[in-house]
Amino acid sequence: MALASVLFAAGPALLVPTRAMADDDELVLMREPASFVDVIDAFDDQDPFDLNISIGYVRTWELGRIQREPGTGDARMSREWRDVADYSREVNQLVFGLDIGIFRDLALYGRLPLVLSDDRSLARIGNDDPSTVLLDRSMTPAPLFDVPAGDGFRSPTRSGLDWVSVGLAWSILNQQRDPHAPTWMLMLEGRFNIDEPMRACRRDGGDVVCQGGGSEPGISRGTNALRFETRGSWRDRYVEPYAGLAFQIEFPGNAADLFTQGGNLAGYINQRPPIQGRLTAGVAIMPWEDRQHWQRFSIDLRFMGDYVSEGRDYSPLFDALGSSTNPYLTSPACEGVTGGATCQGAGYEQVDFTGLTDTQAHARLGGQVTLELQAARYVRFGVTTAIFHSPSYGLTQADACNPNASSDDPNRVGTCRSGIINPHHRAVIDLPGQRFRIESLTQIDVAANVTAQF
């Protein structure tokens, strides 16, 4: 409906000649570049102060298929992964934004997403019972988790505030000030966790059962992040091609115990979430604008390519594995003692399995279409549709040993040929023949927003 409303409102304008043309047919551009590279101003000619307040609604769907590596025998030799369940996630959130102009082409901004609902589930594939695939392939076979017929495995609905971000945006070059130069901006942003970190939980009938007891699943990733981004564009009449490059590094915040129980143990390999990078390329098409009345309609076509490094993360199996009753997951591992054994002697730290797993590095490709209408000087509307796809990548692949650490203690070395035992490793899900992966992951976003500009 929102998309139809924008098209209906902009339709008549597209049928008339542009009013951004001067008498000599020279194109007179609006001073604001495309939204992707726009930095609000302050102390600028007759515009001493700028303030933008925005609110947006975003709905996200994730769909993928969980598989497990063949264990032994002919199945292992065939190298064909076995289907476990279909994964789905649906998130509804409101995103509040604030931009404050500090000086010419320098702005302070903040973002605050409010998660209204976050629902995750695992469903059976057809009528197939995945219990045989989920057997503990050890001395005492037992399923790692259940995917009941009907509703399947369901996580509790999560809601609340995940993080708040504060950043600076600086347009070093601005084509509207200097027609011979492109628009080039830099952004530096810090993200800070707010609410309680997530705990692995499952629905059991009408009840919520969480790891370690209780029924509060939490909502936050429990991490802080630093993000750096550079963007550039060049407008030529009705089109403005642009490109951007971004990097984001996360650090455990109030969820430090989930990532590194017992502190910075020497055996740990991955102690932080994955590092993310994004390459963006696109073009904003502006078929109509009326500079006199501060009106413009634009079509933004964008391609995005992401790289997600290996790291310790909340995977699609976070709740299922983290709330498992399997003894090889509920029993603590010990730094320096092989999995499942009891801690012996002083200096060994117990490490509980929290549901976080070492995930494989992978890529993600996506495309986005945004329709934006600058209806008047003080209000702007936009609707966006985006789709992303990640090829298959591993969800459980913690190495058994950290080759970069050493110790004279034979218990810490264990059976490692080099290095010492990694206490994050759980043989029942991390050994070859036991590992899980997601065959492919597709994400669809639909969003609508409105911005008040003062």
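Okay, let's start with Arg237, which is partly exposed at 40% relative accessibility. On the wording here: buried means under 20% relative accessible area, exposed means over 50%, and partly exposed is in between, with a 1.4 Å probe and protein chains only. Before I go on, this is a predicted model, so local features need pLDDT of at least 70 and side-chain atom pairs count only at pLDDT 80 or more, while totals for chains, interfaces and linings use all residues. Residues are numbered from 1 along each chain as its sequence is written, and side-chain values use heavy atoms, with hydrogens and water left out.

So, back to Arg237. Its phi is positive, about 55°, although this residue is not a glycine. You'll find Arg237 in the loop between strand 10 (223–233) and strand 11 (239–252). Helices and strands here are DSSP runs numbered from the N terminus: H or I with at least four residues for helices, E with at least two for strands.

Trp294 is another non-glycine with a positive phi, of about 55°. That one sits in the loop between strand 12 (276–290) and strand 13 (295–308), and with a relative accessible area of 28% Trp294 is partly exposed.

While we're on loops, have a look at Ser131, in the one between strand 3 (106–123) and strand 4 (153–154). Ser131 is partly exposed, at 29%.

Which strand gives the most to the nonpolar patch? Strand 11, with four residues. Strand 10 and strand 11 each supply at least two, and Leu226, in strand 10, is partly exposed at 44%.

Next up, disulfides, meaning pairs of cysteine sulfur atoms within 2.5 Å. The structure holds two. In one of them, Cys201 and Cys210 have their sulfur atoms 2.0 Å apart, and with 105° about the S-S bond the link is right-handed. Cys201 is buried, at 0% relative accessible area, and Cys210 is buried too, at 6%.

The other disulfide joins Cys401 and Cys416, sulfur atoms 2.0 Å apart. Here the S-S torsion is about -90°, so this disulfide is left-handed. The pair links distant parts of the chain, 15 residues apart: Cys401 is in strand 21 (residues 401–402), and Cys416 is in the loop between helix 6 (410–413) and strand 22 (420–421). Cys401 is partly exposed at 22%, whereas Cys416 is buried at 10%.

Asp319 is in helix 4 (residues 318–322) and is buried, at 3% relative accessibility. Leaving aside neighbours within four places in sequence, Asp319 is in contact (heavy atoms within 4.5 Å) with Arg120, Phe153, Ser155, Arg158, Arg199, Ala200 and Cys201. The side chains of Asp319 and Arg158 are joined by a polar contact of 2.8 Å. That term covers N or O atoms within 3.5 Å; within protein, one must be able to donate a hydrogen and the other to accept it, and residues adjacent in sequence count only if both atoms are side-chain atoms.

Last topic, salt bridges. Side chains of opposite charge can pair when their charged atoms come close. The cut-off is a side-chain nitrogen of Lys or Arg within 4 Å of a carboxyl oxygen of Asp or Glu. How many salt bridges does a search of the whole structure find? It's 25. Among them, Glu229 meets Arg227 at 3.7 Å, N to O; Glu229 is buried at 7%, and Arg227 is buried at 18%. Asp300 pairs with Arg302, the closest N and O atoms being 3.1 Å apart.

Then there's Asp358 with Arg312, at 2.6 Å, N to O. Asp358 lies in strand 17 (residues 357–359) and Arg312 in strand 14 (residues 311–313), so the pair ties together parts that are 46 residues apart in sequence. Both Asp358 and Arg312 are buried.
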